[in-house]
Structures are given as C-alpha cells and as structure tokens.
Amino acid sequence: MQALQLHGDRDLRLEDVAEPAAPGPGEVQIRVRAVGLNFIDVWGFRGMAFAKRKLPLTVGAEAAGEIVCVGEGVEGLAPGDPVAMYGAQTCGQCKACRQGRDNLCENVSGVMGFHIDGFARERVTMPARLVMRMPDGVSFTDAACAPVAFGTVQHMLFDNARLEPGESILVHAGGSGIGTAAIKMAKAIGCTVFTTVGDDIKGEKARALGADHVINYREERFEGEVRRLTKRKGVDVVFEHVGPDTWNGSLLCLKRGGRLVTCGSTSGVSTTMNLMQLFQQQYRITGSFGCSMANIRDALAKMAQGLTPVVDTVLPLADFAEGLERLESRKVFGKILVTL
C-alpha cells in the first residue's frame, strides 16, 4: 500500500510500504479516507529537536475513514462503519484515562504522525477503543477535522475557558483551522466575537462566519482596538495560540477576572509577563493540549447538527507537502485536507 513517509527535515516521500497487520483482539483495521493538516504536522515536517522518533515516519495526526475488518472481542464497530480516530496512543488504564481525560494519559506512547507512524497511508490497524463511529450525514473530510482541530477547540472553549452564552471572546488568527472553528462555536452560543486576521480578505471571510469585530493586526494594534471597542472593559475570554507575538497584548484585552486559554506558540516558545498585572487583575490562564475522546464525540455531534469546518483546500495524498507549505505560509482560511 502507499504511505507518505518523512525521511528527514522537509523530506516527504510517497512510497510503497508493507500492509498493516490483521487486527488482533480489541483492534480494528481502517481504510483511511481523509487526513486533516495541522501545525503539529508543520513542526514535524520542519524537524523538531525534542521529538523522539525513528525515521522514516508515516505522517498525519488527524484522520477519518471506514472500518475494513475487526478483531476478536470488538463490539459496536463493524466493517463499513465510518469512523474518526484518536491519534494519541494512550494506555487506557491510568487514572486520567479511566476518568476520560485521555489527553492527560500518564503512559502515552506517542502522537501518531509525530512520534510514531500516523494516518497518511491507505490502511491502519489500531485499538478499537481509540476509534469512534461518525454520526450519519457527516462527511469524511469534515470528520477528519474532529480529532485535532474541532476537538481542541471544544476542549479549550468549554472544558478550560468555561465559555458561557452571551460572553465576549477574542479569537486570535481567525483564519486558521482552529480560529475558524472557535468563531463558529462561540457564535453558536450567542457570544460576541472579536478576532484578529492578517489581511482584509480574511477579515471579510471572518465576518461572514459571524465575527462581530475583525481587527487586521498588520494595520492596528489589536489590544488597543479591543479596549476601544469594549470601552476599556475588556473581553471575558481570549483564545490564544500564537504565543510571544500576542501574549502580553492578549492579557491587556482581558477584563478583570478574565480567562485566557492557550494551546499553541507558533511565534516562539517563551515570553515575559507582568506578574503584578496577573494577580491584581485576577486573570485565569489555562494551558490546553489536545482533547479527550469525549471532546471529539461532541465535535462530531456539532458537525451532524450543521456546525461544519471551514475548508480552505482539499488535496490528493501526493500533494501533502504542498498543503504543509500552504499552512506554513499562513495563506490559509480554514482547514487543509488530504484525501486518499
């Protein structure tokens, strides 16, 4: 079968690889239909010194497909079922896993497509407990956005930031995959949404998604605009994933007692901050990584109800590298997907 393998920094090759093993007890084999691209793929493509992995590595951290066959003891899944897959190889036995906090697994063996072989291949065999059936009416391309993009946003907004109907929120990088999802999820519960974008075309698209206030950060300081628009009051929540370039401005955008939730640092890994501001304003800052299986199920349910991902581009498997380069250039609006 064919798989897209990373041999070194920026060295992706579409190659023939061995067929996956037949599913053993508690496992399923899946025909992969669509793969979603994310910044974790870009980081892996560039080469990350902290990533312990063995090359060549099959890439792809987020996907959907259909069951080919099931192993002994598997219940609730059958050949032909459309499914989405959880890409973190959790143990399923530690306290966090037993409590449904899968992204806090104490014995995770790696993230597929980053540490261990991922989904950019025709078929994959994996534990059935990490696979969930897609609701009727959800496409493979939409479902391929659930395990990382939509699941991450669901976890950030509702588990961590505790976003409530009618609140105000600043969403950074409103044209990104998670930014577009955050705008749509926040508007779905009646929030006032502020968002930052890098150009006016993205701004128009963000408004079409429902963003109430769009700020071109290349032309004006977003923190000044947010404070002006809120009459210096600030917003309830900041959805942060940019890092040092926006961090202190994001804090200035919060009202007293406001909440900042962050899942990324695409502009760098360290920053400084005013600790007096932190405790005097009683900010609540929460780190958020990945999501739980429950978050993915909730994301899929929202898709079935009509809250679907914004798709920028759909490419064939052979053009995976082109998709990564487009994502890296920040010229996207929404998700880039690869179909098999």
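Tutor: Before we start, a helix here is a DSSP run of H or I at least four residues long, and helices are numbered from the N terminus. Keep in mind that this is a predicted model.

Student: Which residues of α1 are buried?
Tutor: To count as buried, a residue needs under 20% relative accessible area. Within residues 39–46, the ones that qualify are Ile40, Asp41, Val42, Gly44 and Phe45.

Student: Let's zoom out. How many helices and strands are there, and what is the radius of gyration?
Tutor: The protein has 11 helices and 16 strands. For its 340 residues, the globule rule gives 20 Å, and the protein comes close to that, so it's as compact as a globular protein of that length. Its radius of gyration is 20 Å.

Student: How are α4 and α10 oriented to each other?
Tutor: Helix α4 spans residues 146–160 and α10 spans residues 293–304, and their axes are 8 Å apart. They pack at an angle of about 100°. Angles from 65 to 115 degrees count as roughly perpendicular, and therefore α4 and α10 are roughly perpendicular.

Student: Which residues of α10 make that contact, and what classes of residue does the contact have?
Tutor: On the α4 side, the contact includes Phe150, Gln154 and Phe158. From α10 come Asn295, Ile296, Asp298, Ala299, Leu300, Lys302 and Met303. By class, the contact has eight nonpolar, four polar and three charged residues.

Student: Is Arg221 buried or exposed?
Tutor: You'll find Arg221 in the loop between β11 (213–216) and α7 (222–229). Its relative accessible area is 62%. Since anything over 50% counts as exposed, Arg221 is exposed.

Student: How far apart in space are Arg221 and Thr286?
Tutor: Along the sequence, Arg221 and Thr286 are 65 residues apart. In space, going C-alpha to C-alpha, the distance between Arg221 and Thr286 is 24 Å.

Terms used. Residues are numbered from 1 along each chain as its sequence is written. This is a predicted model: local features need pLDDT of at least 70, side-chain atom pairs count only at pLDDT 80 or more; totals for chains, interfaces and linings use all residues. Side-chain values use heavy atoms; hydrogens and water are left out. Axes are lines fitted to C-alpha atoms, for helices over the stretch in contact, and angles run from 0 to 180 degrees between N-to-C directions. Helices (H or I, at least four residues) and strands (E, at least two) are DSSP runs, numbered from the N terminus. Angles under 35 degrees count as roughly parallel, over 145 as roughly antiparallel, 65 to 115 as roughly perpendicular and the rest as oblique. Contact means heavy atoms within 4.5 Å. Ala, Val, Leu, Ile, Met, Phe, Trp, Tyr, Cys and Pro count as nonpolar, Asp, Glu, Lys and Arg as charged, and the others, Gly among them, as polar. Buried means under 20% relative accessible area, exposed over 50%, partly exposed in between (1.4 Å probe, protein chains only). The radius of gyration is taken over C-alpha atoms; the globule rule is 2.2 Å times the number of residues to the power 0.38.
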